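This report describes one protein model, from its overall dimensions down to selected residues. Definitions are given where the terms come up.

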Amino acid sequence: CSNGVTAFVSIMRGCNNMCSFCVVPFTRGRERSRDPQSIVRECRELFENGYREVTLLGQNVDSYYSLDLTGNEAVTFAGLLEMVARIDPSLRVRFSTSHPKDITDEVLFTMARHDNICNYIHLPVQSGSTRVLQLMNRSYTREWYLKKVDRIREILPDCGLSTDIIAGFCNETEEDHQQTLSLMEYCRYDLAYMFMYSERPGTLAARRYHDNIPEEVKKRRLTEIVELHRKQALESMQRDVGKTFRVLVEGV
């Protein structure tokens with residue numbers, strides 16, 4: 001199903017991050033990056049066929065790594081982003097998803113250089129508590145994540161930011177939950193995908209931890225997260241009232 005205007009282009013398969021709640025490494029295997037020439041060719045063909053926006057897709061696009069045609073020169077995600085952005089200034093470029101530990105200044109500066117790379121980053125945090133992040137095997141701390149958000153805002157002051165948040169992960173305390181809310185207050189996400197923790201068979205968490213947060217506690221914590229996000233999203237939209245933007249019309 002396609003609207004003929006926006007398209008998704010897969011740049012890699014699989015994932016090397018063993019987040020304890022996630023089944024992807026077991027179902028899709030290790031990371032494998034497509035060669036950059038085939039990606040650029042696909043994006044160019046889409047543009048020539050009338051598409052005006054491409055989203056580069058990967059479980060963790062920031063760890064994209066391949067070699068150029070010579071087989072000697074490494075192409076990082078920042079390099080790939082640059083190659084796709086140069087196809088045509090009227091081709092809008094997006095990407096998803098970024099793992100907080102891997103997004104680089106090089107990617108942010110590439111975004112700043114090209115008007116046609118949309119100023120929007122999906123940066124899943126999952127929890128605002130370092131203790132829970134360690135249980136999740138997310139390989140960063142709360143403080144590290146907040147510094148990454150600061151760096152994004154420093155290089156791309158008007159960058160939109162979205163995230164994923166899990167409420168009620170194994171062993172999450174009330175204090176851990178409050179830390180998630182306070183991190184949301186700091187980051188002020190434009191969009192968030194918010195879920196109650198739900199155990200996936202075969203994952204590290206299913207083998208190692210008990211899913212021990214009662215359903216009603218999970219629901220209450222999720223409700224508090226959703227309500228805070230709705231308030232922040234409304235404030236974000238209200239700040240845009242009176243401004244003029246160039247937009248892509250995707251349909252009637």
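## Contacts and conventions

Two residues are in contact when heavy atoms of theirs lie within 4.5 Å. The model is predicted: local features need pLDDT of at least 70, side-chain atom pairs count only at pLDDT 80 or more, and totals for chains, interfaces and linings use all residues. Numbering starts from 1 along each chain as its sequence is written, and side-chain values use heavy atoms, with hydrogens and water left out.

## Overall form

Nine helices and ten strands make up the secondary structure of the protein; helices (H or I, at least four residues) and strands (E, at least two) are DSSP runs, numbered from the N terminus. The protein is as compact as a globular protein of 252 residues, because its radius of gyration of 19 Å is close to the 18 Å from the globule rule. That radius is taken over C-alpha atoms, and the rule is 2.2 Å times the number of residues to the power 0.38. Along the principal axes, the C-alpha atoms fill a box of roughly 55 × 50 × 35 Å.

Of the contacts between residues at least 6 apart in sequence, 77% join residues at least 24 apart. Buried residues account for 49% of the 252, where buried means under 20% relative accessible area, exposed over 50%, and partly exposed in between (1.4 Å probe, protein chains only).

## Surface and charge

The protein exposes about 13000 Å², and carbon and sulfur atoms supply 52% of that area. Areas come from the Shrake-Rupley method with a 1.4 Å probe; for residues, only the protein chains shown count as cover.

There are 33 positive and 35 negative charges, and their mean positions are 2 Å apart. Lys and Arg count as positive and Asp and Glu as negative, while His and the chain ends are not counted. Each charge is placed at NZ of Lys, CZ of Arg, CG of Asp or CD of Glu.

## Helix α3

Helix α3 (residues 77-85) is largely enclosed by the rest of the structure, because seven of its nine residues are buried. These are Phe77, Ala78, Leu80, Leu81, Glu82, Val84 and Ala85. They pack against α2 (36-48), β4 (53-57), β6 (74-76), β7 and α4.

## The loop between β7 and α4

Ser98 lies in the loop between β7 (92-96) and α4 (105-113), and counts as buried at 1% relative accessibility. Its side chain makes a polar contact with the side chain of Asp62 at 3.0 Å. A polar contact is a pair of N or O atoms within 3.5 Å; within protein, one must be able to donate a hydrogen and the other to accept it, and residues adjacent in sequence count only if both atoms are side-chain atoms. Leaving aside neighbours within four places in sequence, the contacts of Ser98 are Asn60, Val61, Asp62, Ile103, Ile121, His122, Leu123 and Pro124.

Thr97 is in this loop between β7 and α4 as well. A cis peptide bond joins Ser96 and Thr97, with omega about 5°.

## Backbone exceptions

Most residues other than glycine have a negative phi, and most peptide bonds are trans. Gln126, in the loop between β8 (120-122) and α5 (130-135), has a positive phi near 75°. Gln126 is buried, with a relative accessible area of 7%.

Arg188 has a positive phi near 50°. Arg188 is found in the loop between α7 (174-187) and β10 (191-196), and is partly exposed at 27% relative accessibility.
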